[in-house]
Amino acid sequence: MDVTHIIESLNDAQRQAVTAPSQSILVLAGAGSGKTRVLVHRIAWIIKTQDLSSQSILAVTFTNKAATEMRGRIEKLLDYSAQAMWVGTFHGLAHRLLRRHAHEAGLPEAFQVIDSDDQLRMIKRLLKALALDEARWPPRQVQGYINGHKEEGRRARHMPETGDLYQRQMLTLYREYEQTCMRSGLVDFAELLLRVHELLRDNEKLLQFYKQRFLHVHVDEFQDTNTIQYAWLRLLTEGKNNLFVVGDDDQSIYGWRGAKIENIYSFQSDYPNHLVVRLEQNYRSTANILNAANALIVNNQGRMGKELWTEDGDGEPISLYAAFNEQDEAYFVVERIKKWVELGGLRSEAAILYRSNVQSRLFEERLMSGGIPYRVYGGLRFFERAEIKNALAYLHLIAHANNDSAFERVINIPNRGIGPKTIEDLRSVARDERISLWQAVNKLVLSGVITARTKRVLNSFIDVINNLIEQAEGLALHEKVQRAVEHTGLIDFHKKEKGEKGEARVENLQELVNAARQFDYEEDNTEGLNELDLFLAHAALESGEMQGDQYDDCVQLMTLHSAKGLEFKLVFIVGVEEGLFPSPRSIEDPSRLEEERRLCYVGITRAMQILYLSYAESRRIYGRDTYPKCSRFIKEIPSDKIQEIRMGATISRPVSMAKSGFSPRQQKTAFQLGQRVSHVKFGEGVVLQVEGEGAQERVQVNFTAVGMKWLMLAYAKLEAIA
DNA sequence: TTGTTCCAGCTTTTT
DNA sequence: GCTGGAACAA
């Protein structure tokens, strides 16, 4: 069999990983070293050389995007459709297994998947039901507690009834939450993974079946796996020596949501005969960029160790811009992007990366006033929008009227005159009788203890749902969706909304009908489930593309986190300041600080040709002026790799001008704002404000060593430095 | 039931 | 300094 095309384009290390004999393999793949390529080629290689059916392959990723891309590339390499191959996200695959084996897993056949937003709402409702104060038991904290334990594989019933009030209360909440979910047949994201783990662990026959089926198991972004995901992989591969994982400990940036870098170490002890392959040759960035990244990351302890190199030249030095303030920073970046475009670069080749989403605003404003198209990543995705979730809630009720979560969401949307009082009554009936809200409302309208008005409005809701259920019979999926958005009054409700918002929402609802029409039933369906259930699961598991047209030539704005896996010719990492990046919440804790450093490493290694780092001498945060210091990460990069950019006179502008827009103008004072100065006693600093005239003239200087000082110019011997 | 005001809180994000 | 949610008034 001719397999040369699979390996001929690979370098030595890549080829070693791809062609290694069957055994457990850990590929430590540096940024831009061809990680996905190795994974894809390995799978193709295995299938070809061992003459396997593609159904013997299991490949797991974290995002749907990565899964889709991987499948596409494998099919292209093999030149046939590998429909039977299980390629998907941990959650997607877990969902598929649970659908197949709902009964064995102890779930109702019609279980429904809820996303984190639904989960949070449920927790809030639970707190209300238990009469607990949200201020004392913050819902997000409860959510974190529940998910945290699930990710570690712990059920409420496994946990000891000990500890302080806090511990016991949280445990109660966890237990109640589990019960509520079970009653309504709801499964959250963490539950998908935990259930599957329990299913395989406790069901020897099933486990053996899947162990025999999946001859080779592959994992992408292995450094991001959490405890339960790793345990799941362990079950499937134990004793079989067939686990192939690709990851980069230096790019582990999701520790805060449960990812365990330690899994990389565990792998090495759990699979004694494993092979480790390092991919260190980088095909993305210039040597200067790689050297900076290498120099930064060596400051972390306990790394697996890896040093990126390239055959390419040094390229441009890395530029560092010390902005006068955050406005100036945005101004500078946008000017450089303009220049890039003038010289023939594409806007889409330029990215502005920041630590936190709030930083995007200034850049957006600058880009907008400069007439430069841009695209901001992040924010609400399609299936997460309120109007979409409302429509989905109606669909959930069609599929499963006892879904309390969906019921509460839309009982009064659009307004039917069902207020909190009535809803509270429904809840108490449901609670007392241990029935669902849907059953409760049906009971209540027959009971005679309510007013005629309440009875009327409740009946109107019951009719809406019953009609939907009756009409749904025999309709195509998109027709069901169509009805759910029209006959419930959702479309009219949003049409009445003033402003463009309403219009956009109506459009989104129509888009939902479209999405349903295009929904590929076959693709997701391997278990003979009904189409509506699958569509709803799809909506929860795949929250939809980010907004905006990818194909337009736009400057890309995103957080450093979302930049992982991407590359751009021109990269700006902005706000590289102590207290912003690293974030103040991470500074105290060494392991979190290391994660911030890895985040910086991820950012640097996104750049192919040109990298700018910038920070501001003065920045408004939450309405207060702060005078941050340049980030320690900048200092960890050898200064000979960095070229400092001084704008000198051209950037000087008073603070008041900075606020009202930019018209750079010369100051008549002795010192320009932003001017670097030196003081005999205080050392070096930057002029931030100038006040008064003549003998009364004072300047505010931020000194590197001693911080902010106001100095009388007449007395202080300040010297300008270049 | 809707609109207004007040107040806390405020990384990162996929599924 | 802005936002989302909750408490309040009309």
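Q: What distance separates the C-alpha centres of domain 2 and domain 5?
A: The two centres lie 55 Å apart. This is a predicted model, in which local features need pLDDT of at least 70 and side-chain atom pairs count only at pLDDT 80 or more, while totals for chains, interfaces and linings use all residues. Residues are numbered from 1 along each chain as its sequence is written, chains are lettered from A and ligands numbered from 1 in the order in which they are written, and side-chain values use heavy atoms, with hydrogens and water left out.

Q: Which residue ranges make up the domains of chain A?
A: Domain bounds come from an automatic or database domain assignment. For chain A, domain 1 covers 4-101 + 193-281 and domain 2 covers 114-183. Domain 3 takes 318-381 + 547-660, domain 4 takes 388-524, and domain 5 takes 676-720.

Q: Which residues around DNA strand B come nearest?
A: A residue is near a strand if one of its heavy atoms lies within 4 Å of it. Of the 28 residues around DNA strand B, Ser116, Arg355, Asn415, Thr559 and Arg592 come nearest. Sugar and phosphate account for 56% of the atoms of DNA strand B within 4 Å of the protein.

Q: What classes do the residues near DNA strand B fall into?
A: Ala, Val, Leu, Ile, Met, Phe, Trp, Tyr, Cys and Pro count as nonpolar; Asp, Glu, Lys and Arg as charged; the others, Gly among them, as polar. The surface near DNA strand B has seven nonpolar, 15 polar and six charged residues.

Q: Which helices each supply at least two residues of that surface near DNA strand B?
A: Helices (H or I, at least four residues) and strands (E, at least two) are DSSP runs, numbered from the N terminus. Here the helices are α26 (560-563), α27 (584-587) and α28 (590-604).

Q: Which atom of DNA strand B does the side chain of Ser116 approach?
A: A polar contact is a pair of N or O atoms within 3.5 Å; within protein, one must be able to donate a hydrogen and the other to accept it, and residues adjacent in sequence count only if both atoms are side-chain atoms. A polar side-chain atom of Ser116 lies 2.7 Å from a base oxygen of DNA strand B. For Leu541, a backbone N or O atom lies 3.3 Å from a sugar or linking oxygen of DNA strand B.

Q: How many aromatic pairs does the structure hold?
A: A pair of aromatic rings is described by the distance of the centres and the angle of the planes. Rings of Phe, Tyr and Trp (its six-membered ring) pair if their centres lie within 6.5 Å; planes under 30 degrees apart count as stacked, over 60 as edge-to-face and the rest as tilted. The structure holds 20 such pairs. One of them, Trp86 with Tyr210, is tilted: 6.1 Å centre to centre, 50° between the planes. Trp86 sits in strand β3 (residues 86-89) and Tyr210 in helix α10 (residues 204-213), 124 residues apart. Ring pairs link Trp86, Phe209, Tyr210 and Phe214 into a cluster.

Q: Where does the charged end of Arg99 sit?
A: A charge sits over a ring if NZ of Lys or CZ of Arg is within 6 Å of the ring centre and within 35 degrees of the ring normal. The charged end of Arg99 sits over the ring of Phe111, 3.9 Å from its centre. Arg257 sits over the ring of Trp256, with its charged end 5.9 Å from the centre.

Q: Is Asn403 buried or exposed?
A: Buried means under 20% relative accessible area, exposed over 50%, partly exposed in between (1.4 Å probe, protein chains only). Asn403 has a relative accessible area of 2%, so the residue is buried. Its place is in the loop between α16 (386-399) and α17 (404-410). The side chain of Asn403 reaches the backbone nitrogen of Ala406 at 3.0 Å. Gln482, in helix α21 (residues 477-486), is partly exposed at 29%. A polar contact of 2.8 Å joins the side chains of Gln482 and Glu486.

Q: Why is helix α25 described as largely enclosed by the rest of the structure?
A: Because nine of the eleven residues of α25 (residues 531-541) are buried. Among them are Leu532, Asp533, Phe535 and His538. At the start of α25, a side-chain oxygen of Asn530 reaches to within 2.8 Å of the backbone nitrogen of Leu532.
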